[in-house]
Amino acid sequence: MYPITKREKLADKIYLMDVKAPRVARYCEPGQFVIVKIDETGERIPLTICDYDRTEGTITIVFQIVGASTERMAGLKEGDAFQDFVGPLGCASDLVHKETEELKKKKILFIAGGVGTAPVYPQVKWLHEHGVDCDVIMGARNKELLILEDAMRDVATNLYVATDDGSYGFHGTGTAQLKELYDKGIRYDHCVAIGPMIMMKFVCILTKELGIPTIVSMNPIMVDGTGMCGACRLLVGDEVKFACVDGPEFDGHLVDFDQAIKRQSQYKTEEGRAMLKLQEGDTHHGGCGNCE
Amino acid sequence: MDVLKKVPVREQEPLVRAANFDEVCLGYDEAEAVEEAARCLNCKNAQCVKGCPVSIDIPAFVSQIKEEKFEEAYQTISRSSALPAVCGRVCPQESQCEGRCIRGIKGDPVSIGKLERFAADWARSRGITPEAPEQKNGHKVAVIGSGPAGLTCAGDLAKMGYDVTIFEALHEAGGVLIYGIPEFRLPKQEVVAAEVENVKALGVKIETNVVIGQSVTIDELMEKEGFEAVFIGSGAGLPRFMGIPGEQALGVFSANEYLTRNNLMKAFLEGYDTPIKAGKKVIVVGGGNVAMDAARTAKRLGAEVHIVYRRSEAELPARVEEVHHAKEEGILFDLLQNPTEILVDEDGRVRGARVIRMELGEPDESGRRSPVEVPGSEYEIEADTVIMSLGTSPNPLISSTTSGLDTNRRKCIVASEEDGATSKAGVFAGGDAVTGAATVILAMGAGKAAAKGIDNYLKNTRTGS
Ligand SMILES: Cc1cc2nc3c(=O)[nH]c(=O)nc-3n(C[C@H](O)[C@H](O)[C@H](O)COP(=O)(O)OP(=O)(O)OC[C@H]3O[C@@H](n4cnc5c(N)ncnc54)[C@H](O)[C@@H]3O)c2cc1C
Ligand code: FES
């Protein structure tokens, strides 16, 4: 069992948890992920590692309620435990493997969308600790949904906050914020974008135009996370890649986002049904538009 | 009673079982087992034993059953096999022990597999476990993977007194026995979990949720965690796809994904969270055990199922019993055909497949006649789900993170057949990780050989240096 040592609600439907998993904490690096399973009947849910404490042996995860399983996860309290917690999975962020001196010569930008802010944080923190400067654009639908703003401000060189509805910071998406910075003459030569697939897609369309190499972190449907099932396969360039072992980070200009977005919706109705059943019990008999 | 005929085994009716996940074969009862055992000629120079990769003393346990000494029969098998209830159910007996049985020359061979299963089930239902190990010797060995190879190697080493820890990537032990082979062929709780418990009862520790090469490497296990030797039994889990257009469409799955969702994650049971898209009309591409399992699973989930296989019936690599059961359950076999494209609708979902007819040409390197396309014979079939069951290859996670471990061009770990030794000192390997996808019993045979190899190696390093 893997006990939850801390639980915090960061925003509406967004939660942070520290989980004791010494084997994972010992060797994990920014960019990697874990798979958690609540109990016997639970799904295997992949989540990016948001922070780690090697001495305490804990891993920080942040998740948003998007379906029945994450809803159930949000119900766990401090002191409860996950039955399974496996990792670190996937490859570490490629920044981690670059020479610090080389990184210092680059103008690096992170664009974080929604709950994607959480996995961006450890990378920015890692660069900060290694004396490398980087800017961060943080986007959310509205002010209430912004997370980890203060923590990010401590480690980012410049932090730009954007909200879709303009309730805080720049009025518009993270992509629009980048365009504005570019128009003001600010230049970057490396970009990392993490967030919903649709957001990463639009960031990549822009950065391709602007000629900024861009890394994205893909979060397709997964089952095992070890390369065994192929559920997580993506087209990158003309090659089929398994996000769980070849990724999760890929060259964003080569990823086929339209197909990835479709594949992500594969179980939508099944999940929607499970969610409604959880909320409404057996009283739900269709007609809501979520059921086929 | 005709001694040339085997005692028939009771099974669930095909039409009943095609709608449930309960075990198909019900096995022998005591009287039936004794009657079948009496057919054994008790050959002096028993050929059946030579056909068994773990050399079970078959004439001995069969005559013990005949004499109604069921517990002794179980202990006889246990001395050679850690997983008798599993092997009795999934071994390809027709090409091993039973294939060599003298009775089989004129009539049916003795049903050795069903008798093995009987002895194991009899013992389990009475809580009888294998004989306990000798004293511990304090030497630590790590085993990677809890499939048949790993469990066998760990069990044998524990019996020799070693302090063994199995590291398993998934959340449950058993390898393919848990995630691949379906419930209706191999009950998970009743049979697999019970056999895993028996291995634990020998003192073996099992740490689940540890992916070697990710959570920790073999080098670290040996240098930092005090393991003096390592056995790699990580299987061949990497699924292959055909590389044809449309394969990324929604509704195309690897057999591994389809089976894992259903078996390991229990998608077929009410109350489990993992979803499965069962499909209404399903095409399964391939002809092995995995294809049969995927097809029969889809059938039970309510689909009409076609197996599309590029050779003819004679070349189907699946166990004879599985093909027979699949047909009885109403699975349709589209033989000598091969998909060339998955057809996709405007939403990106599967709507069918373009299929070409094949004919058999010259034998290829596997000795089977190789299929060749019949020009101009392409046609379309409708389907909403395609399950690719084209075989698997070993996962490179371990080989790519272990220094000095050689692999061949098929990504298989190079290891000696005799004792499992690899190119790296102290590291042994066996099972599908070495051979590529094969069988449960061959993996067990390799695990057994490696246990002896590790014992010799550790004895030599202790006295040698
Ligand atoms: C659907 C299906 C049906 C089959 N039917 C039959 C049959 O009827 N009869 C028969 O004889 N054979 C059958 N086979 C083949 C048989 O199951 C395999 O040959 C056998 O299980 C191989 O055993 P193994 O121990 O080498 O590997 P596996 O059973 O594959 O076990 C390997 C284990 O290692 C774990 N692992 C992998 N990588 C790592 C890592 N890096 N760290 C930690 N753990 C790791 C895996 O999670 C897995 O649990 C079937 C296979 C499938 C898929
Ligand atoms: S999640 Fe199964 S292969 Fe990636």
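In this predicted model, the side chains of B:Arg319 and B:Glu322 meet in a salt bridge, with N and O 2.4 Å apart; the term stands for a side-chain nitrogen of Lys or Arg within 4 Å of a carboxyl oxygen of Asp or Glu. Both B:Arg319 and B:Glu322 are buried, and that word means under 20% relative accessible area, with exposed being over 50% and partly exposed in between (1.4 Å probe, protein chains only).

B:Glu322 sits in helix α15 (residues 320-328) of chain B, where the buried residues are B:Glu321, B:Glu322, B:Val323, B:His325 and B:Ala326. Helices here are DSSP runs of H or I with at least four residues, strands are runs of E with at least two, and both are numbered from the N terminus. So what covers those buried residues of α15(B)? The cover includes β1 (10-11), α1 (14-17), α8, α14 (289-300) and β11 (332-335) of chain B, where contact means heavy atoms within 4.5 Å. After α15(B) comes B:Gly330, with a positive phi near 95°.

Helix α8 (residues 112-125) of chain B also pairs up with helix α4 (residues 58-66) of chain B: their axes come within 11 Å and cross at roughly 65°. The axes are lines fitted to C-alpha atoms, for helices over the stretch in contact, and angles run from 0 to 180 degrees between N-to-C directions. On the α4(B) side the contact uses B:Ile58, B:Phe61, B:Val62 and B:Ile65, while α8(B) brings in B:Ile112, B:Leu115, B:Glu116, B:Phe118 and B:Ala119. That set splits into 8 nonpolar residues, no polar ones and 1 charged. Ala, Val, Leu, Ile, Met, Phe, Trp, Tyr, Cys and Pro count as nonpolar, Asp, Glu, Lys and Arg as charged, and the others, Gly among them, as polar.

Elsewhere in chain B, B:Asp163 and B:Lys205 meet in a salt bridge at 2.9 Å, N to O. This pair links distant parts of the chain, 42 residues apart, with B:Asp163 in strand β4 (residues 163-167) and B:Lys205 in strand β5 (residues 205-207) of chain B. B:Asp163 counts as buried because its relative accessibility is 19%, whereas B:Lys205 is partly exposed at 43%. Over all chains, the structure holds 43 salt bridges.

How do the two chains meet? Chain A puts 44 residues into the contact and chain B puts in 47. About 3,800 Å² is buried between chain A and chain B, and carbon and sulfur atoms give 49% of that; buried area is the accessible area (1.4 Å probe) that two parts lose on being put together, summed over both. The interface of chain A and chain B has 4 salt bridges. B:Glu207 forms a salt bridge with A:Arg23, their closest N and O atoms being 2.7 Å apart.

A cis peptide bond joins A:Gly87 and A:Pro88, with omega about -10°, and A:Pro88 is in strand β8 (residues 84-89) of chain A.

Residues are numbered from 1 along each chain as its sequence is written, and chains are lettered from A and ligands numbered from 1 in the order in which they are written. Local features need pLDDT of at least 70 and side-chain atom pairs count only at pLDDT 80 or more, while totals for chains, interfaces and linings use all residues; side-chain values use heavy atoms, leaving out hydrogens and water.
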